[in-house]
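Student: I'd like to learn how to read a structure like this one. Could you walk me through it?

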Amino acid sequence: MEIVIAIVSAVVALGAGFFFGKSSVKSTLGKQEEELKAAAEQQLADAKRKSEQIISDANRSAENTKKDKMLEAKEHFLQLKAKHDVETVERNKKIVDKENQLKLEQQQLSSKIGDQAKKEKELDLLRENLNKQLETVTTKREQLDKSHETFVKKLEQISGLSKDDAKRDLIDTMKKEAESDALAHVKLIMDEAKANANKEAKKIIIQTIQRTAAENAIENTVSVFNLESDELKGQIIGREGRNIRALEAATGCEFLVDDTPEAIIISGYDPIRREVARLSLQRLVTDGRIHPARIEEVVVKIKKQLEEHIREIGERTVIDMGIQGLHPELIRYVGRMRFRSSYGQNLLMHSREVANLCATMAAELGLNPKLAKRAGLLHDIGKVPDEESELSHALLGAKLCEKYGEHPAVVNAVGAHHDEMEMKYVISPIIQACDAISGARPGARREMMEGYLQRLKDLEAIAQGYDGVEKAYAIQAGRELRVIVEADKIDDAKSEELSFSIAQKIEKEMTYPGQVKVTVIREKRAVNVAK
């Protein structure tokens with residue numbers, strides 16, 4: 001019971017404490033709430049006053065903006081109205097001008113219509129007058145025809161011939177008289193023209209020859225290589241002659257080492273081969289290393305350098321002659337002419353001389369001197385082809401010129417300068433005449449040279465016609481033919497048979513003095529590289 005009483009007492013005490021505590025809290029919260037409420041009402045009143053102030057300011061600003069916009073709108077309207085008034089005035093003015101112009105054109109048209117009507121009336125009057133005159137003329141023509149028929153009948157009765165017979169007799173008589181007079185006149189003109197033409201032609205040719213000077217020098221088939229001392233001859237010959245044999249095999253020329261002091265003679269009919277041999281020997285002597293492998297290497301390099309040198313010669317020649325637009329291949333052929341001779345006459349010197357003669361003669365005749373000079377320089381271009389051809393040099397030259405885009409007159413002049421092609425242009429006979437002039441100069445040519453060189457070419461061509469032949473060289477003025485064969489295709493036994501076969505073919509197909517020695521060379525090399 002005591003415990004229960006204690007618990008009840010505790011609960012009662014707790015409830016009383018809670019009640020009294022709640023009452024005190026309520027009283028405290030009530031005061032704070034009143035204070036907050038008063039502060040909120042004060043803030044609300046302040047906010048209301050501020051909002052009313054902002055609305056008032058906004059109304060005043062809007063009113064001012066409205067007034068400004070109204071004023072701007074009125075000003076813009078007045079500007080547009082003024083512009084519209086100006087445009088309206090201009091448009092009305094244009095309309096008035098157009099109306100005035102239309103009235104003026106209408107008046108002019110009315111006057112033209114009136115003038116046209118007057119002209120039509122005048123034309124009608126003229127037409128009537130012309131019709132009357134035509135009737136009169138027709139009547140008179142009929143009367144004349146009747147009178148002419150009467151007159152013709154009387155003439156026929158008197159002469160005993162009809163009108164057609166008399167007309168034919170008269171026409172025949174007039175024809176014969178006209179032909180006779182014309183023939184006499186033509187003959188007189190032809191005689192005078194021939195006399196004057198001969199005089200003028202002789203005068204032009206003589207003047208051309210006198211105005212064009214040229215040096216004449218016969219080309220030889222040997223070159224002399226000068227040495228600093230005779231001690232170099234042994235080095236050039238080599239042990240057992242292997243160096244000089246390698247030189248001859250690589251260049252196709254014969255090297256004559258005799259008692260001539262400080263000189264070696266290089267013999268060969270082909271000037272390009274001789275030049276290659278001379279330059280190669282010069283390079284070897286300067287370098288000091290002379291042996292077969294080095295000789296072959298130097299000869300190959302010299303051949304390439306000589307090809308470049310040939311092109312440079314052609315370019316210099318074309319520039320000196322003032323010829324433009326020439327194809328590079330034709331320029332190379334011009335350079336090759338420096339190492340070609342015709343009857344002992346250097347081909348490039350001959351072509352330059354012909355070109356100058358042609359230009360002078362063409363200028364004297366009132367023709368194109370540049371075209372004539374171009375044709376003169378190229379007229380023998382067919383003598384220096386890269387490969388042998390069955391065509392003559394004139395036709396081959398024309399073919400080359402046509403291939404590389406030369407003028408048709410140049411092509412015709414080149415092909416016709418030996419009468420192997422019909423001459424179609426005026427400069428063609430000029431090229432032919434100048435070619436003859438250059439070749440006919442005293443000392444310019446040696447007639448035996450061309451046949452001699454051709455014989456050497458024929459010898460080499462016979463040997464090269466056999467299978468397995470690598471190179472063939474005619475040396476010692478054609479007294480010996482050296483044939484180099486491929487060792488893989490021809491053995492020693494076949495080499496002897498080939499030598500005999502070539503000698504028999506030379507006897508059958510060629511005519512020559514003395515003897516021709518045929519030497520077949522077969523060289524077998526074994527080459528390995530150590531790495």
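Student: How much space lies in the second largest pocket?

Tutor: First, the idea: on a 1 Å grid over the protein atoms alone, a pocket is an open set of points where a 1.4 Å probe fits, with protein on both sides within 12 Å along at least five of seven lines; lining residues have an atom within 4 Å of a point. Grid points are joined across faces, edges and corners, and a volume is the space filled by probe spheres set on the points. Here, the second largest pocket holds about 720 Å³.

Student: And what should I know about the model itself?

Tutor: This is a predicted model, where local features need pLDDT of at least 70 and side-chain atom pairs count only at pLDDT 80 or more, while totals for chains, interfaces and linings use all residues. Residues are numbered from 1 along each chain as its sequence is written, and side-chain values use heavy atoms, with hydrogens and water left out.

Student: Which residues lie nearest the centre of the second largest pocket?

Tutor: Of its 27 lining residues, those are Ala249, Glu296, Ile484, Glu523 and Arg525. Helices (H or I, at least four residues) and strands (E, at least two) are DSSP runs, numbered from the N terminus. Helix H4 (242–251), H6, E6 and E7 each give two or more residues to that lining, and H4 gives the most, with six.

Student: How many helices and strands does the protein chain have?

Tutor: There are 14 helices and eight strands.

Student: How do I tell what is buried, and what share of the chain is that?

Tutor: Buried means under 20% relative accessible area, exposed over 50%, and partly exposed in between (1.4 Å probe, protein chains only). Of the 531 residues in the protein chain, 29% are buried. Helix H11 (residues 408–416) is mostly covered, with eight of its nine residues buried; among them are Val410, Asn412 and Gly415.

Student: What about nonpolar cores?

Tutor: In soluble globular proteins, nonpolar side chains tend to be buried together. A nonpolar core is a set of buried Ala, Val, Leu, Ile, Met, Phe, Trp, Tyr and Cys residues joined through side-chain atoms within 4.5 Å. The largest one here has 65 residues, and Phe255, Val334, Leu378 and Ile381 touch the most other members. Helix H6 (residues 292–321) supplies the largest share of this core, nine residues. Apart from it lies another core of 20 residues, including Tyr269 and Val469.

Student: What stands opposite Phe255 in E3?

Tutor: Two strands pair if DSSP finds at least two bridges between them. Strand E2 (residues 254–256) and E3 run antiparallel, joined by three bridges, and Phe255 stands opposite Ile266. Contact means heavy atoms within 4.5 Å; leaving aside neighbours within four places in sequence, Phe255 also has contacts that include Ile244, Leu247 and Leu281. Strand E3 (residues 263–267) is mostly covered, as four of its five residues are buried. Six residues lie between the strands of this hairpin, where Glu262 takes a positive phi near 50°.

Student: Why is E6 largely enclosed?

Tutor: Five of its seven residues are buried, so the rest of the structure largely encloses E6. Six bridges join E6 to E7, and the two run antiparallel; Val469 has Val485 as its bridge partner in E7.

Student: Where is Gln476?

Tutor: Gln476 sits in the loop between strand E6 (469–475) and strand E7 (480–485). Gln476 counts as partly exposed because its relative accessibility is 27%.
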